[in-house]
Amino acid sequence: MILLLTDFGLAGPYVGQMHLVLRRLAPEVPVLDLQHDLPAFRPDLASPLLAAHLDFAQPGDVVVAVVDPGVGTERRPLALRLDGIWLVGPDNGLFEAALRRARAVESYAIVWRPERLSASFHGRDLFAPVAARLARGDRSDLVPAEPTRFPDRPDDLPSIVHVDAYGNAWTGLRAARLPIGARLRAAGRILERARTFGEVPPGTAFWYENSSGFAEIAVNGGSAAATLGLRLGDPVERVDGDC
Amino acid sequence: MILLLTDFGLAGPYVGQMHLVLRRLAPEVPVLDLQHDLPAFRPDLASPLLAAHLDFAQPGDVVVAVVDPGVGTERRPLALRLDGIWLVGPDNGLFEAALRRARAVESYAIVWRPERLSASFHGRDLFAPVAARLARGDRSDLVPAEPTRFPDRPDDLPSIVHVDAYGNAWTGLRAARLPIGARLRAAGRILERARTFGEVPPGTAFWYENSSGFAEIAVNGGSAAATLGLRLGDPVERVDGDC
Amino acid sequence: MILLLTDFGLAGPYVGQMHLVLRRLAPEVPVLDLQHDLPAFRPDLASPLLAAHLDFAQPGDVVVAVVDPGVGTERRPLALRLDGIWLVGPDNGLFEAALRRARAVESYAIVWRPERLSASFHGRDLFAPVAARLARGDRSDLVPAEPTRFPDRPDDLPSIVHVDAYGNAWTGLRAARLPIGARLRAAGRILERARTFGEVPPGTAFWYENSSGFAEIAVNGGSAAATLGLRLGDPVERVDGDC
């Protein structure tokens, strides 16, 4: 299966053209849209989301991940094989969180280049054809190469990495790694943990473990982003002791 | 075929993760997105829309319908078989309109529970796996049980149940059940019936039978929602006599 | 393969119902969404976009294209075969640009009518069933007929034809037909050409050849539509000499 993760949004022909390329080159391989509103132009914020999505991937799957502010510049195209799952995309830190959690890592540079490479849409012109061939077992586009690493980045990202349609603000912190009773500070507010929305009074801000395993900041019956003034990339702080 | 009807919206990974679960468990069954902007958190308003969508379903299809403000609480997960079509979702009135129109009804509680059940995403964790198994003929997740009924609800809902991207306001009233020449009152205005947009002068508000069979309030060349100040859940009144 | 190009947007059940009809009638034919935000109600602006999309189609494909402000009126439903690719949609100028670029043209009126034809959704009720049958080789819905032509329209449309989610403004001018060093005038501003975003300082407006071959007006790190006040249909002018 080929899984798509991008920051393209659903407007315009972008996602459709990627599907078209994949279908032409690997008609027998199912292609699924996992998320197309990854943090735009922010591979650092997209990295923990991508890593979490891999929980739903299986060995043999090919994940095409594109958050690529450097498209058209010299950044390298990359293919990684992490615990049997192929990842294809730009070498810009997008894969850092996934790389750290993988046990078995193979890494490659993509050396194939298409006859026609647009300046702005390598997802369609370069990554999709390579993904289609990998899904069919063809690695001829690759040569072994090391990915650029980002050692200063924390394992869990204390930032807002996604704001959903309801105004819930996903953090890059995995809930399972926070102590029971941990509180979070965001936008100058201290937030207590709850199990779900129904446990807190309407209008109250809190955090809970969302369905992707992240600590998510929410307001029962309201928009956390609007109520607290939270935006993509804003800092979040663990408050484990007294305050 | 498996048909998806939810209020998840298209942002985030929600719809994609449901597709992924369905594809893993029933790779041979096509899955189609019918609508993902059902009225958010309003099973009462979504109920007539769901019933209308069933006109396009066939015996053997499995409809996964999720508008579920009570997710994570004690509301029961339900499976209904209405005239040969399976419906899977929460027992919260979402299926009331469909139940009333069905001739042959079988009803079941879903007793299977997944190993990992998130607090907020039963569509992915519970309803999708059950739907995949039903699509393959496996009913082992079910035991016979009666759904909660909502006898006070009218057969045709005199409310705005959907506002589309152009600002057209769908009512929950089926046009075929309104008398020829029926007028509607909404937002304090009396609206005449037309066959389609071209029949009324630009800027004029009217109602017509939309492509799903509902009385829809529209403005030729404009947004009925903006012009009349109509919002989801607002009341609509039949005006059959003089006024 | 069946490719969908419409102005329906992704809200509501419209796209889903088209897929459902196609799947029922041609279950073995893949259906791909290429673009659903073509310029709403503007077949003149959608026409060059549609023609560009055909670069990605292949002989045997069926393209269903619906931008149809006259739905429910007397405009004819049309089927064209351009260089082996079927196009199905309304006879309102939407296909003019594609017709001009085609070498081999066959044209037909669609004479089949469904038992139930809604007033507002011929995409589902009429064009989708015909497309499904054409994809299976069945032309029995058609009789030879000439399409309405629009001879006054320029080959390259000097107008904004699409504004994407980032505020980039696509023109209807093909970049390959503009002289090297051509400048564009839009919203009273003269714009220089660049190869891509990274070549100009942040905040600077420019134009470049986008991934569909059009001259696209953009602002590095910003929204061209907001910065320049550009909207769908606004004029764009080639400035080849001094100014």
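A polar contact is a pair of N or O atoms within 3.5 Å; within protein, one atom must be able to donate a hydrogen and the other to accept it, and residues adjacent in sequence count only if both atoms are side-chain atoms. By this rule, 6 residue pairs, both at pLDDT 80 or more, are in polar contact between chain A and chain C. The model is predicted, so local features need pLDDT of at least 70 and side-chain atom pairs count only at pLDDT 80 or more, whereas totals for chains, interfaces and linings use all residues. Residues are numbered from 1 along each chain as its sequence is written, chains are lettered from A in the order in which they are written, and side-chain values use heavy atoms, with hydrogens and water left out.

Arg24(A) and Asp61(C) form a salt bridge, with their closest N and O atoms 2.6 Å apart. Helices (H or I, at least four residues) and strands (E, at least two) are DSSP runs, numbered from the N terminus.

The interface of chain A and chain B comes next. It takes 24 residues from chain A and 22 residues from chain B, and the area buried is about 2,000 Å², with carbon and sulfur atoms giving 59%. In chain A, Phe56(A), Tyr166(A) and Ser211(A) lose the most area to chain B, together 29% of what that side buries. The count of salt bridges between these chains is 1. Asp61(A) and Arg24(B) meet through their side chains in a salt bridge (2.6 Å, N to O). Across this interface of chain A and chain B, 6 residue pairs (both at pLDDT 80 or more) are in polar contact. Strand S2 (residues 31–35) of chain A gives the most to the side of chain A that touches chain B, with 4 residues.

Notes. A salt bridge is a side-chain nitrogen of Lys or Arg within 4 Å of a carboxyl oxygen of Asp or Glu. Contact means heavy atoms within 4.5 Å. Buried area is the accessible area (1.4 Å probe) that two parts lose on being put together, summed over both.
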